[in-house]
Amino acid sequence: MEHPLIIDRAVVMLIPKKPFFDWANYIFPDSPMSPEDLTEHSSYLIDDDVVPQEPQVTLEGIWKWLFEDQLFGICTDESTWPHELSWDLFTEWFELKFSSVVYDLIDAPIKKEELY
């Protein structure tokens, strides 16, 4: 590859914190999880107008979907989820890491498919 291309997207990575693991372990006590068990984290391509100092502004309109996606990854029964999903709870349960520059190092088209 001669020159990598820059994609017109940014990335937000969600890193679960202790309250997320506490919830997951309450739901599935026979399969305990801890931060040390994770070898990777979920990353999402987002609009490239990232303002890391203002994550609520950056994730406006999508933070609830991100939260629900993470919950769904543990348990599809929504009745086990927290009753009130809020921005404060989201940031209590997840550390957010942003990158406003995304390089495409693969010389092939990006494939997209439906999630659910």
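## A buried tryptophan

Trp93 counts as buried, because its relative accessibility is 7% and buried means under 20% relative accessible area, with exposed meaning over 50% and partly exposed in between (1.4 Å probe, protein chains only). Trp23 is likewise buried, at 8% relative accessibility.

## About the model

This is a predicted model, in which local features need pLDDT of at least 70, side-chain atom pairs count only at pLDDT 80 or more, and totals for chains, interfaces and linings use all residues. Residues are numbered from 1 along each chain as its sequence is written, and side-chain values use heavy atoms, with hydrogens and water left out.

## Aromatic pairs

Rings of Phe, Tyr and Trp (its six-membered ring) pair if their centres lie within 6.5 Å, and planes under 30 degrees apart count as stacked, over 60 as edge-to-face and the rest as tilted. By this rule there are 13 aromatic pairs. In one of them, the ring centres of Trp23 and Trp93 are 5.9 Å apart and the planes stand at 35°, so the pair is tilted. This pair links distant parts of the chain, since Trp23 belongs to helix α1 (residues 18–27) and Trp93 to helix α4 (residues 87–93), 70 residues apart; helices (H or I, at least four residues) and strands (E, at least two) are DSSP runs, numbered from the N terminus.

The rings of Phe67 and Phe94 have centres 5.7 Å apart and planes at 85°, so this pair is edge-to-face. Here too distant parts of the chain are linked, with Phe67 in helix α3 (residues 63–74) and Phe94 in strand β4 (residues 94–99), 27 residues apart. Phe67 is buried at 0% relative accessibility, and Phe94 is buried with a relative accessible area of 2%.

## One cluster

Trp23, Trp93, Phe67 and Phe94 are among the members of one aromatic cluster, which also includes Phe20, Phe21, Trp63, Trp87 and Phe90.
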